[in-house]
Amino acid sequence: MIFALLSQKGWAQVNISGKPGLMNIPTARILSDGTFQIGYHYNPSHYDPRANDPNAGVSNNFIQSSSSVYYATLAILPRLEVTINIFHVNGDLPLRARGIGDRQFDVKYAVLTEREHRPSVAIIASAPFGIDNSLVTYAAVTTKNFTLSETFTAEVSAGFGSPYYFDRSDNGGNNFDIFSNYKLHNKNERPHPYLSGPFGGIAFRYKQKLGGMIEWDSQQLNLGAYAKLFDRWTMQAGVINFDQITFGTSYAVSLRKLPKRLRQKSDLEK
Amino acid sequence: MHVCEDTDLGGDNRENCLGGTSAGANKLRVFSKQVHIVTINRSAFAFSWIFICWSVQVGFCQQQDQRALLNYENLTIDSAAQRVYYEQRLYRNPMIGLLELSQALAKPTTTEFVPLYQGVPIASYRLGDAWQTNLLSRNERKAIGRLIPAGPGHYKVDFRLHPDMVANFGYKTDPFQAKISLLLQTQLYLTRGLVLNLGVLFPITNNYDTQPMNIRPAPIYLNQFLALSGQDFLSGSVGFFYSNQYGVNLQYRRANLTKPWSFGLEASLTGDYYYPTKGIYYESMNRAMLLADVAYRISKRDITLKVSGGQYLYEDRGMRIDFIRQLYSVEVGVFAMKTTKGSTAGFNFAVPIPPGRIAQSKRARLRTTEEYRWEYSYNGGGNNVGIRYRVGNQLDALLRQYHSDYLRQQQP
């Protein structure tokens, strides 16, 4: 029963940076091997996670903007997820800050998978090649599911995000070697640092199809809800800090599948 | 079909079709058990009802199987040797071809299937629980060569729609620079292993470079594929390749399709070319590329770890490490490389473009490409770190698709 639930919940909510999670926080839940997921997430303007001065010397009057995050995640191994996301600032930008958005590459590894009496534990790290990775994540998180009734479950997560991270922000015009010029930063110098400090949250699920969630994303308290359609399509929305709306949607497929007509063993092979 | 289910005798549709006469016999046995509880008249009625239903079902399935067989080319069934030789260009994943053909032919499990690539047999596979992969020796290949025809008469006129995209995301005034085209390609099978690839390119958009938006030839090149023994493969290409390079490309690979290790060599001499609004512009063929690689396959997860190095285009020398995961029809990889020009990392993938087959007859076919490949490198645009061009035929990518463990692990 537990294992049936575990395998079912592979595809559900996705957080802002494209990983299984609630709204802003990631959880230790990991996608089943070969699952591919793409999606979109909208982040409101009052909670712009960019650095005050994203590209050194670009602009002195930093205007907070809403942003669009596009992501693709693949469970490339049974315990390993890779995510690429594009953080695109909505609206007009000063010329030197323009682009399709900053690309961020993350890996998430499940150190422990969930068992009946054991929570799952995962670590997440962003590749340090970035120049301005707003959603840069260095975090450890643990998650445990509790069965409340036959149809209701609760997923409880807690974790810690490191305020320190590396990037190559000095490297704007000199981009030839991605393995050099790393610089240590502190997220807390940003007005709205993403995932810096302790975080946690609970998702209540009805039949793994509908759910509500509450999370502390290390900076503010957020409430949200999600629905899953046709087992593949998730839609979610929430309120950040009882102030502004966030929403997102994602679509997941398993790549480890043969066409339906070939999936059954034929008579002769039985 | 639903009529059969009403009589409680139908069962699973596919099992019935595949079982052929034995499924029919089963049904008659089940039927005879029921006869004694009904009157003669009713049983006669039911009997004819079931018979009609069964024959419609078998007929329907046979028709379906016949249609499935249309997906295959150069199909030879050697009943004496219990071998089926075939070529399929529709599916990126050879296992789909293997399973579909074995369903359609409904041959005994001892049958060996020998997929051909450009008319050259790759290896022989026996499906089922007693999965077996046999490499084909040089002598066996000679014998097969006498048995299996090659050349244009045995292949469809196959038209393939293939999208192509080159993009650069970094440029500030124009952050999304892309050159997107649609290629209509075909392949002419000339002799065994020798194929002429050609096509027409329709530009869709281009703010990437200054190339005019004229309809122009797609890459045109001759490729000769050769299997020297069970595990030595050669591929030579001459012509106009992708990425505006023309010239000669030679590849050798030693790959035992049942073992984890493989290695390869690639050498080429190319020059720039492109099509202005009229005619063709080309520079001299003086750009050398020489690469060697060693690859190890972790079978349990269909992972290939590959270390390659040598001289890339523009006399850029360096090393590259690839991690490649094969996931049924899709291949996804991440890589990192360091050369004299700089270092970079990124990811790549190869996917079939849906819907696949659009229309086909015995002689002709229109379909979307079975393989679209794309690579993203973190700082590739403009910096030319370890740049290479693309040939349609890349031996390492081709041969890992036919690795015994990769196919066996996909069996339902």
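Reader: In β5(A), which residue is the bridge partner of A:Leu112?

Author: A:Val121 is the bridge partner of A:Leu112. Keep in mind that this is a predicted model.

Reader: What makes β4(A) and β5(A) a pair?

Author: Two strands pair if DSSP finds at least two bridges between them. Six bridges join β4(A) to strand β5, residues 120-126 of chain A. Six meets the cut-off of two, so the strands count as paired. They run antiparallel.

Reader: How do you know that β3(A) pairs with β4(A)?

Author: By the bridges again. Eight of them join β3 (residues 80-89) to β4 (residues 102-112) in chain A. The requirement is at least two, so this is a pair. The two strands run antiparallel. One of the bridges links A:Leu80 to A:Tyr109.

Reader: How many bridges join β7(A) to β10(A)?

Author: The number is 10, and the strands run antiparallel. Strand β7 covers residues 152-161 of chain A. A:Phe152 has A:Tyr206 in β10(A) as its bridge partner.

Reader: Where does β10(A) go next, and what joins it to β11(A)?

Author: Seven bridges join β10 (residues 197-206) to β11 (residues 210-216), again antiparallel. Among the partners in β11(A), A:Gly211 faces A:Arg205 across a bridge, and A:Glu215 is the partner of A:Gly201. The two strands form a hairpin with three residues between them. In its turn, A:Lys207 has a positive phi of about 50 degrees.

Reader: Which strands make up the barrel in chain A?

Author: There are 12, closing in the order β1-β2-β3-β4-β5-β6-β7-β10-β11-β12-β13-β14. The pairing is antiparallel. From one strand to the next, the twist averages 20 degrees. Chain A has 14 strands and two helices in total.

Reader: What share of chain A counts as buried?

Author: Of its 270 residues, 43% do. As for contacts between residues at least 6 apart in sequence, 54% join residues at least 24 apart.

Reader: Now chain B. What is its secondary structure?

Author: Chain B has eight helices and 23 strands. It has 412 residues, and 32% of them count as buried. Among its contacts with a separation of 6 or more, 52% come from residues 24 or more positions apart.

Reader: Why is α5(B) called largely enclosed?

Author: Because 11 of its 12 residues are buried. A buried residue has 20 or more other C-beta atoms within 10 Å of its own. Those that pass include B:Pro94, B:Met95, B:Glu100 and B:Gln103.

Reader: How do you know that the span of α5(B) is close to the one expected?

Author: The helix covers residues 94-105 and has 12 residues. From first C-alpha to last it reaches 17 Å, against 16 Å expected at 1.5 Å a residue. Just after the helix, B:Ala106 takes a positive phi of about 50 degrees.

Reader: Why is B:Ala397 called partly exposed?

Author: It has 16 other C-beta atoms within 10 Å. Buried needs 20 or more, and exposed needs 12 or fewer. The count of 16 falls in between, so B:Ala397 is partly exposed. This residue lies in helix α7, residues 395-400 of chain B. Its C-alpha atom is separated by 9.7 Å from that of B:Ala350, 47 residues apart along the chain.

Reader: What confidence does the model carry?

Author: The scores are ipTM 0.81 and pTM 0.83. Chain A has a mean pLDDT of 83, with 82% of its residues at 70 or more. Chain B averages 85, and 83% of the residues score at least 70.

Reader: Where does pLDDT stay under 50 in chain B?

Author: Over residues 1-39. The model has 39 contacts beyond four places in sequence for that stretch.

Reader: And which stretches of chain A have pLDDT under 50?

Author: Residues 1-9 are one such stretch, with eight contacts beyond four places in sequence. Residues 54-59 are another, with 13 such contacts. Where pLDDT is low, the predicted coordinates should not be read in detail.

Note on methods: Residues are numbered from 1 along each chain as its sequence is written. Chains are lettered from A and ligands numbered from 1 in the order in which they are written. This is a predicted model: local features need pLDDT of at least 70, side-chain atom pairs count only at pLDDT 80 or more; totals for chains, interfaces and linings use all residues. Helices (H or I, at least four residues) and strands (E, at least two) are DSSP runs, numbered from the N terminus. Two residues are in contact if their C-beta atoms, placed from the backbone, lie within 7 Å. Axes are lines fitted to C-alpha atoms, for helices over the stretch in contact, and angles run from 0 to 180 degrees between N-to-C directions. pLDDT is the predictor's confidence in each residue, from 0 to 100. The expected span of a helix is 1.5 Å times one less than its number of residues.
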